[in-house]
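Dear colleague,

I am handing over the structure we spoke about, and below it you will find what came out of going through it. Please keep it open beside this message while you read.

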Amino acid sequence: MPDLPPLRDVIARHGLSASKALGQNFLLDAQLLGRIAAIPGSLSGEHVFEVGPGPGGLTRAALLAGARVTAVERDARCLPALIELGEIFPGQLRVIEGDAMQVDPVQEIGAPFHILSNLPYNVGTALLVNWLSADKWPPEWKSLTLMFQREVAERIVAEPGSKAYGRLAVLAQWRTKATMPMKVHRSAFTPPPKVMSAVVHIVPGKAPKGVSPAVIGKVTGAAFGQRRKMLRQSLKSLPGALEALETVGIDPTRRAETVSVDEFVMLAQVLGTL
Ligand code: SAM
């Protein structure tokens with residue numbers, strides 16, 4: 001077991017005062033970090049793509065689990081701390097300084113990988129939607145283990161009819177299995193954010209035939225864009241959608257929040273043939 005300096009010391013030594021603009025809420029508890037890194041299953045010999053390693057808490061946990069980690073960090077102040085960490089785990093850590101929105105992990109890693117991140121709140125949902133929208137399915141990522149604000153995590157795993165159910169639930173679930181294996185109290189973070197958090201775990205499932213991410217995106221965008229309206233109103237602007245409702249046997253007076261993920265898939269299948 002390598003001798004790792006306490007994360008608090010690393011933060012102090014490198015002057016990593018948390019930046020609100022960069023969504024910096026650090027996790028310092030090694031046990032908690034180990035439990036998060038265990039969610040994808042054994043990482044021994046696996047490739048991991050991490051967004052926002054910061055001072056390297058979750059990175060350590062993945063390295064200790066035997067992963068090879070490629071991490072993208074926007075804050076240049078964190079780089080010296082991460083380089084030090086890489087020296088403790090020779091050949092296991094590669095750090096890219098940059099914006100995760102601009103980095104393609106498939107190109108950087110060139111092998112199947114797990115994505116593991118305590119996501120910066122300002123780009124978390126956009127990154128998730130990108131990863132879920134991969135044209136190739138199953139995608140190059142084997143699993144997503146992601147910390148979100150709890151409210152966002154609940155929207156990802158929500159079931160129809162619940163308040164949290166919406167576009168994000170359908171985009172997340174139509175060809176994956178999405179669960180929320182861990183809730184994390186705000187006091188676990190330094191500094192503590194205003195809101196509670198939770199970890200979401202997503203693994204690719206079988207893609208239904210004849211559905212493209214673009215069509216699912218369009219139909220859920222229209223349906224939930226006016227979620228209080230009946231489908232016959234909210235889908236009016238989408239060519240062919242009212243006929244598709246009839247073909248699939250969905251009552252046009254229903255509201256989007258009552259339409260199951262499977263029903264959205266059937267709608268997208270019909271729309272995709274038009
Ligand atoms: N992984 C660390 C932990 O768990 O303690 C830090 C997590 S903190 C919530 C989010 C991290 O993402 C910060 O280190 C921040 O600098 C970084 N970050 C913010 N925006 C980013 C972006 N667009 N691309 C890459 N990293 C980003």
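**The ligand and its surroundings**

Around the ligand there are 21 residues, and those that come nearest are Leu 27, Gly 52, Glu 73, Asp 99 and Asn 118. Please bear in mind from the start that this is a predicted model.

By class, the shell around the ligand is made up of nine nonpolar, seven polar and five charged residues, and strands E1 and E3 each supply at least two residues of that shell.

Some contacts can be followed atom by atom. A nitrogen atom of the ligand lies 2.8 Å from an N or O atom in the side chain of Asp 99, a residue that is also listed among those nearest to the ligand. Taken alone, the ligand exposes 600 Å², and the protein buries 99% of that.

Which pocket does the ligand take up? The space taken by the ligand is the second largest pocket, which has a volume of about 410 Å³. Of the 30 residues that line this second largest pocket, Leu 22, Gly 52, Glu 73, Asn 118 and Pro 120 are the closest to its centre. Strand E1 (26-27), strand E2 (47-51), helix H3 (57-64) and strand E3 (68-73) each give at least two residues to its lining, and the lining as a whole has 15 nonpolar, ten polar and five charged residues.

The largest pocket, for its part, has a volume of about 500 Å³. It is lined by 23 residues, of which Asn 25, Tyr 121, Gln 149, Pro 193 and Val 195 are the closest to its centre. Two elements give two or more residues to this lining, namely helix H6 (124-132) and strand E6 (141-149), and the largest share, three residues, comes from E6. The residues lining the largest pocket divide into twelve nonpolar, nine polar and two charged.

**Two peptide bonds to look at**

Trp 137 and Pro 138 are joined by a cis peptide bond, with omega about 0°, and Pro 138 is found in the loop between H6 and E6. Those two elements are also the ones named above for the lining of the largest pocket. A cis peptide bond also joins Thr 190 and Pro 191, where omega is about -10°; Pro 191 has its place in the loop between strand E8 (189-190) and strand E9 (197-204).

With best wishes

Note on methods: Residues numbered from 1 in each chain as written. Predicted model: local features only at pLDDT ≥ 70, side-chain atom pairs only at ≥ 80, totals over all residues. Heavy atoms only, no water. 1 Å grid on protein atoms, 1.4 Å probe; cavity = no way out; pocket = protein on both sides within 12 Å on 5 of 7 lines; lining within 4 Å. Points joined across faces, edges and corners; volume = space filled by probe spheres on them. Helix = DSSP H or I, 4+ residues; strand = E, 2+ residues; numbered from the N terminus. Nonpolar A, V, L, I, M, F, W, Y, C, P; charged D, E, K, R; others polar. Near = heavy atom within 4 Å. Polar contact = N/O pair within 3.5 Å; in protein donor to acceptor, adjacent residues only side chain to side chain. Areas by Shrake-Rupley, 256 points an atom, 1.4 Å probe, with all protein chains shown as cover. Sits in = over half its atoms within 2 Å of the grid points.
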